[in-house]
Amino acid sequence: MIVNKLQKVISESLKSLYNIEAEPDSITIQTTKKEFEGDYTLVVFPYVKQARKSPEMVANEIGNAVKLPEISGFNVIKGFLNFSVSDSYWLRFVEERVGDTSYGMTTPDPTASPVVIEYSSPNTNKPLHLGHIRNNLLGWSVSQLLAANGTNVKKVNLVNDRGIHICKSMLAWLRYGNGETPESSGMKGDHLVGKYYVEFDKHYKAEIQQLMADGKDEETAKKEAPLMVEAQSMLKRWEDGDKEIRDLWEKMNSWVYAGFDETYARLGVGFDKIYYESNTYRLGKELVQKGLDMGVLFRKEDGSVWCDLTADGLDQKLLLRRDGTSVYMTQDLGTALLRHNEFGAEQLVYVVGNEQDYHFTVLKLVLGKLGFDWADKVYHLSYGMVELPNGKMKSREGTVVDADDLITEMERTAEEMSLEHGKNDELTAEQQKHLYHILALGALKYFILKVDPTKNMLFNPAESIDFNGNTGPFIQYTHARIRSIVRKGEAEGIDLGKPVTLKSALSDKEKNIIKNLYDLPSTVRQAAQNYSPAMIANYAYELAKNFNSFYQDTPIMREPDSDLKTFRVQLCSMVANTLRNTMNILGIEVPERM
RNA sequence: GGCUCCUUAGCUCAACUGAAUAGAGCAUCUGACUACGGAUCAGAAGGUUGCAGGUUUGAAUCCUGCAGGAGUCACCA
């Protein structure tokens, strides 16, 4: 690639001109800003001190020393040395890549040690909401992103299917449910169970109020409320394997799973393996014993086991309760080991919200103390919260945005917008429905994924369902237009693989598009390193925008020069492929027509 | 209170490891449809990058302090 060649030649020039030692990799070549002439830029400031010359002189001397057939010239502005790349180089680039539909993407080696990426990890007491959507979309697209970069990826989900929260739903259902089922009520299973979770909270609060009116203080009221006491005993019975409770638990969980599967399918996400906490929650205890034997953990007088992290600037962390049962951290230690052994994982990635940053720093530290040299393979892909215009989402205050409702709402908006434009008459009813779904999810996914994962983001339900500007549907639309041109070209018998010899020079806009395409592999690599689908999203938008601008004032199908026409259709084809590939990383489908 | 993260145009977001005049979209204003798909394009306006110092040839980016916001500091998960 041209950048590497430049680095190498510049490195040699620095040595021969000024006796400066610089590794080729250490020389940063950046793309020239579009206001300036040229394609690639070297900033010479870092070398002027050692060279003992003015920045302009250094730039000129290096520019003169660089002799490459691909470089057609250079100019110097202050300390910036701008190289121009010859048209023939860009032309050959198009020629070599035009037929390659996977351009920029690498195929993973299925035998390689995998990156195990956990995401979603829902509780089974309520349906998925907007926060889960960000988690699921991130998890899925990061998996796609790593795979596109040639990484073998295993996607896993750890379902939190047991605990006091499930018992609350179960208890409320027994009390107030009258045997209601998804079939009898027509509700989705997860929504039904969620309804009784809310129901529990309502009655529980009423009980607390009553107890406080009877003179108890708030804390004891919370503990002594009959509903809470019964939920606790239900959890105990569950842990003792009580058949009646277990049967109910399995029944209600199965409703929830059916509901989740539907939502996952609509979101287009999936997993290679699903773990259930009811199977894994006992894990990790042997590790604690091992830690005690090694002397890195200690037992307090009441029998509880702790890890002392004060030397690391943190405090003490509980690992086993005094009754010997495990806590969240213990389980995570266990599942990490399980996963490491099971997959021979190259890396363990956890897509979990940033409210658990502390948990994961502790997890890594404790794994290290237990002597696992793979502790630093644990990577917490921490993401920010999704906020609403009127503040935070709170399930109890009814300010959550339900995932299913949101998708349905988006689909309806997509339908309205499409009918307004009325260009999909040639599609069957079935195809139209599919199109609305694709557009709805394109808008939603793109909106969420274009934001840097680490940052909190604001989701405005009213305004975010936008199909103009920097949005998924804009890119989808661009793709559909391009495909339309390529179809016409093919109908005219244009051979996409045909080498062309252009009589005229490339226009700036054409060059821009090619440069953009040329940048794709490095963009994918960089985005994979940063676990940032946002970089891919912004890349796709940039490309689509460049293309639209080019398309606006370039009559492609009317071009009388057949070579020029062929070249432009080739360019269209490459852009369409690239848009499809990059959107695929985001989990967004691009339609042929819309 | 301790620790971690955040603060960029009216709003939502960009800016790769420090680099040229900090970029898009939305909203506002102006212009372009006899057209290969106008869900588009061209243009205008909009900024002391929270504040104050420091390092550097060069800082939104690195360091220190301050202000504001969020998260966390459970024998919950």
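User: Which glycine, just after α22, takes a positive phi?
Analyst: This is a predicted model: local features need pLDDT of at least 70, side-chain atom pairs need 80 or more, and totals for chains, interfaces and linings use all residues. Residues count from 1 along each chain as its sequence is written; chains are lettered from A and ligands numbered from 1, in written order. Helices (H or I, at least four residues) and strands (E, at least two) are DSSP runs numbered from the N terminus. Phi is about 75° at glycine 587.

User: How far apart are the end C-alpha atoms of α22?
Analyst: Helix α22 covers residues 562-585, 24 residues. Expected span is 1.5 Å times one less than the residue count.

User: How many of the 24 residues of α22 are buried?
Analyst: Buried takes 20 or more other C-beta atoms within 10 Å of a residue's own, with C-beta placed from the backbone. Helix α22 is largely enclosed by the rest of the structure, because the buried count is 18.

User: Which strands stand at the edges of the sheet?
Analyst: The open sheet runs β7-β6-β5-β11-β12, with parallel pairing (at least two DSSP bridges between strands). Two strands have a single partner, so one side of each lacks a neighbour in the sheet: β7 (273-276) and β12 (378-383).

User: Which residue in β12 is the bridge partner of valine 349?
Analyst: Strand β11 (residues 347-353) pairs with β12 in the parallel sense, over six bridges. Valine 349 is partnered by tyrosine 379.

Technical notes:
Buried ≥ 20, exposed ≤ 12 C-beta atoms within 10 Å, placed from the backbone.
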